[in-house]
Amino acid sequence: MTPETIAQLAEYLENAELNAAAVAQISIAHPGITEADGYAIQHEIRRRKQARGTQIVGMKAGLTSRAKMRQVGVENPSYGFLADYFAVADGGEVERAKLIHPRVEPEIAFVLKKPLRGPGCHIGAVLAATDFVMPALEIIDSRYQNFKFDFPSVVADNSSSARFVLGGRARPVADLDLRAMGLVMEHNGKPFSFGAGAAVLGHPALAVALVVNLLARRDEGLEAGTLILTGGVTEAVACKAGDHVSLRMQDLGAVSVRFA
Ligand code: OOG
Ligand code: MG
């Protein structure tokens, strides 16, 4: 793709986000789109936001569990960025009208105390660089009609990132078995989904390594203090105004969000 096409598609997708108006999947008009084109568009959206003064507070891995891959029919893990205005306080409210068709998913969040750089980033490097982990709810909102996309299209759309909520307790990884760590997500007070950390690539720290190694292709790394969401452990739940979602994670407490 030419730089002009990348810039035009970045504007198209960012406007869809900012206006909460669904658009056609970009691979329909651009059937030859590649993964590299998708990331070029995503990085252009990030550049546009930063040029307006938006801070990038973290990164996320997407499609790192079988449950998530099955739900959207895309078999490849991806990454995206997290902007400052995506953050919602624990127990806080998300304005449903500002989003298109939001879904909420349970995730394990990492915060780094040391920088990480690939290629060759492995689980040991991630665990050594991690300050603490926390329970998180991610609110995803594909900008595509009917939440339908292929891999390059969802990569361009910042892996559907929209909002996130951190809560519960922050704990160092040395004390935890993140693979066996159980969780329950409730939707309007009813259990919706259940999982364990191993659902995420066998160990959620591997999702951090994956993001680091993918960023290395663009000669980028992660700085100390970076937040990383490791991807939905279970399928995501669609939410309407008035809905409430809470997540309880073994040893790490609870986090919740409401839709106004
Ligand atoms: C793609 C984003 C995936 C996750 O945790 O799997 C994601 C989507 O499902 O729309 O954030
Ligand atoms: Mg997610």
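Reader: Where do glutamate 107 and glutamate 138 fall, buried or exposed?

Author: Both are buried, a word that stands for under 20% relative accessible area, with exposed over 50% and partly exposed in between (1.4 Å probe, protein chains only). Bear in mind that this is a predicted model, where local features need pLDDT of at least 70, side-chain atom pairs count only at pLDDT 80 or more, and totals for chains, interfaces and linings use all residues. Residues are numbered from 1 along each chain as its sequence is written, chains are lettered from A and ligands numbered from 1 in written order, and side-chain values use heavy atoms, leaving out hydrogens and water.

Reader: What coordinates the magnesium ion (ligand 2)?

Author: Glu105, Glu107 and Glu138 do, each through OE, at 1.9 to 2.0 Å. Donors are N, O and S atoms within 2.8 Å of the metal (3.2 Å for Na, K and Ca), so these distances qualify. Water is not among the atoms, so a site may look incomplete. The donor residues follow the spacing E-x1-E-x30-E. Glutamate 107 lies in strand 5 (residues 103–112) and glutamate 138 in strand 6 (residues 130–140), 31 residues apart, linking distant parts of the chain. Strands (E, at least two residues) and helices (H or I, at least four) are DSSP runs, numbered from the N terminus.

Reader: Why is strand 7 (residues 161–166) called largely enclosed?

Author: Five of its six residues are buried, so strand 7 is largely enclosed by the rest of the structure.

Reader: Which way does strand 7 run against strand 3 (residues 87–88), and how many bridges are there?

Author: The two pair in the parallel sense over two bridges, and pairing requires at least two DSSP bridges. Valine 88 stands opposite valine 165 there. Strand 6 runs antiparallel to strand 7, joined by five bridges, and alanine 136 faces leucine 166.

Reader: What makes cysteine 239 count as buried?

Author: Its relative accessibility is 6%, and therefore cysteine 239 counts as buried. This cysteine sits in the loop between strand 11 (237–238) and strand 12 (244–249). Beyond residues up to four places away in sequence, cysteine 239 touches Arg96, Pro102, Val104, His187, Val245 and Phe259, contact meaning heavy atoms within 4.5 Å.

Reader: At what angle do the axes of helix 1 (residues 3–19) and helix 3 (residues 35–51) cross?

Author: They cross at roughly 65° and come within 8 Å. The axes are lines fitted to C-alpha atoms over the stretch in contact, with angles from 0 to 180 degrees between N-to-C directions. Among the residues in contact are Leu9 and Leu13 of helix 1, and Ile41 and Ile45 of helix 3.
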